[in-house]
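Please open the structure in your viewer and keep the selection panel at hand. The tour below goes from one selection to the next.

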Amino acid sequence: MNSLAQRIHAALPQTQCTRCGFPDCAAYANAIADAAAPINQCPPGGAEGIARLAAITGQEVQPLSPEHGNEGPRKMVFIDESWCIGCTLCLKVCPTDAIFGSNKKMHTVLEAYCTGCELCLPVCPVDCIETEPVDRKMTGWAAWPQALADQAAQRYAQRSTRLARQALLAAPPVAGADAASDPVQTGESTAQEEQQRRRSVIEAALARAREKGSR
């Protein structure tokens with residue numbers, strides 16, 4: 001991420017809602033920096049968010065793209081515990097690990113960490129997740145202060161690191177090219193190399209997460 005993309009990323013609300021058409025806020029920031037996307041595709045940031053991005057990029061302020069949604073009050077999600085079947089699908093899509101629960105056990109929302117992204121709504125098979133405006137009179141950055149954006153960015157980075165680590169640990173080991181020459185020695189060497197490779201990748205992922213969290 002270049003310096004312009006970093007400044008743009010820091011000006012986004014970090015809800016990771018994907019309403020901009022990109023998989024996360026960082027991807028949208030990179031697209032804006034590369035002139036591959038306009039600055040008016042972030043409904044959670046609203047009009048003030050567009051003004052922020054205009055100041056950073058030198059572009060003109062423009063209306064929020066209706067194709068990507070409307071500015072509105074920030075919402076909080078709640079789970080109807082009497083209907084929850086513990087499928088864990090909502091846990092898998094929550095960008096900030098704001099939903100707590102386990103397989104076939106009732107889930108609950110950690111309200112302090114919910115960004116109102118609503119990504120959990122379409123995956124729930126029993127429609128037991130509901131939304132409620134936090135404050136109907138406040139929208140955009142007025143409803144989502146910088147402290148919450150910073151917290152969301154940190155939790156998203158931590159989640160991304162955790163998922164990367166889990167994927168690496170679950171990946172099958174890579175077989176050595178001369179495994180047939182000495183199965184015992186080569187097997188030990190290959191295991192050590194694979195362990196070192198995983199450690200290097202995890203360390204790199206942690207470094208990226210720390211870098212994201214510090215912005």
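Which residues are buried in helix 3? Select helix 3 (46–57), and there you will find that Gly46, Gly49, Ile50, Leu53, Ala54 and Ile56 are buried, where buried means under 20% relative accessible area, exposed over 50% and partly exposed in between, with a 1.4 Å probe and protein chains only. Seen down the helix axis, these buried residues fall within an arc of 165 degrees, so they line one face of helix 3, the arc being that of the directions from the helix axis to the C-beta atoms.

This is a predicted model, in which local features need pLDDT of at least 70 and side-chain atom pairs count only at pLDDT 80 or more, while totals for chains, interfaces and linings use all residues. Residues are numbered from 1 along each chain as its sequence is written, and side-chain values use heavy atoms, with hydrogens and water left out.

Helices here are DSSP runs of H or I with at least four residues, numbered from the N terminus.

Next, select Ile32, which touches Ile8, Ala37, Pro38, Ile39, Leu53 and Thr57 when residues up to four places away in sequence are not counted; contact means heavy atoms within 4.5 Å.

How values were computed: Helix = DSSP H or I, 4+ residues; strand = E, 2+ residues; numbered from the N terminus.
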